[in-house]
Amino acid sequence: MHRIIIAVLRLGIVAAAALGLFGQIVVIPTTAADEVDRFPPYDPFAVPYVAVAIAGVVCVQVALVAVWMLLTMVERETIFTPPAFRWVDTLIGCLVAATLLALGVAGHLALADIPSPDDGMETLGALVTAMAGVGVGASLAMLLVVLRGLLRKATRLQTRLQDETAAAG
């Protein structure tokens, strides 16, 4: 992969991590406080939902670190080595954790009696969004598991090729 592409991807990772940090510190708590001010019956739900949202952003940030490390391995041409599996497993773990968070939110939204300022469409919209997050997260996790299998196969082939080259030379 070209160095410029890697540099642009790293810049994107830094920007995404900084944006996530801003979201954790400012956007998520402020939005929750604004919603409680607008509709006080939301107050008992504010802290748990803020905690889940911040935990979801942490999952994304950890995944960004794993992607950074995989980019470093690509840059050094060491991607087809056993240490790459640790970072791919980290990505899978982040996706599974975020999916479980979304599933928990969806379950709570479906089963809890959450008051609504209007006709309940806010809760329904949040439920649909959480379920979409579960579907996307599960799909991406399964895709990464398949790609991990391809990485394992490519790593074995690379190791075999290196062994054969060393034996012939």
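**Helix contacts, cysteines and a charged patch**

Met1 sits in the segment before helix 1 (3-38); helices here are DSSP runs of H or I with at least four residues, numbered from the N terminus. This is a predicted model, in which local features need pLDDT of at least 70 and side-chain atom pairs count only at pLDDT 80 or more, while totals for chains, interfaces and linings use all residues. Residues are numbered from 1 along each chain as its sequence is written, and side-chain values use heavy atoms, with hydrogens and water left out.

Met1 counts as exposed, with a relative accessibility of 58%. For these classes, buried means under 20% relative accessible area, exposed means over 50%, and partly exposed lies in between (1.4 Å probe, protein chains only). Although Met1 and Glu75 are 74 residues apart along the chain, their C-alpha atoms are separated by 6.8 Å.

Side chains of opposite charge can pair when their charged atoms come close. The rule used here asks for a side-chain nitrogen of Lys or Arg within 4 Å of a carboxyl oxygen of Asp or Glu, and by this rule the count is four salt bridges. In one of them, the side chain of Glu75 meets that of Arg3, with an N to O distance of 2.9 Å. This pair links distant parts of the chain, with Glu75 in helix 2 (residues 43-75) and Arg3 in helix 1, 72 residues apart. Glu75 also forms a salt bridge with Arg10, where the closest N and O atoms are 3.2 Å apart. Because Glu75 lies in helix 2 and Arg10 in helix 1, this pair ties together parts that are 65 residues apart in sequence.

Arg3 is exposed, at 60% relative accessible area, Glu75 is partly exposed, at 27%, and Arg10 is buried, at 16%.

Another salt bridge joins Asp89 and Arg148, with the closest N and O atoms 2.4 Å apart. Here too the pair links distant parts of the chain: Asp89 is in helix 3 (residues 83-111) and Arg148 in helix 4, 59 residues apart. Asp89 is partly exposed, with a relative accessible area of 33%.

Helix 4 (residues 121-168) also holds Arg160, which is partly exposed at 47% relative accessible area. Arg160 forms a positive surface patch together with Arg152, Lys153 and Arg156. Such a patch is made of residues with over 30% relative accessible area and no salt bridge, like charges being joined within 9 Å. Lys and Arg count as positive, and the place of the charge is taken as NZ of Lys or CZ of Arg.

The cysteines remain. A disulfide is a covalent bond between the sulfur atoms of two cysteines; the cut-off applied is a pair of cysteine sulfur atoms within 2.5 Å. The structure holds zero disulfides. The cysteine sulfur closest to that of Cys59 is in Cys94, and because the distance is 5.7 Å, the two are too far apart for a bond. Cys59 is buried, with 12% relative accessible area, and Cys94 is buried as well, with 10%.

Notes:
Patch = residues over 30% accessible without salt bridge, like charges linked within 9 Å, V, L, I, M, F, W, Y side chains within 5 Å. Areas by Shrake-Rupley, 256 points an atom, 1.4 Å probe, with all protein chains shown as cover. Helix = DSSP H or I, 4+ residues; strand = E, 2+ residues; numbered from the N terminus.
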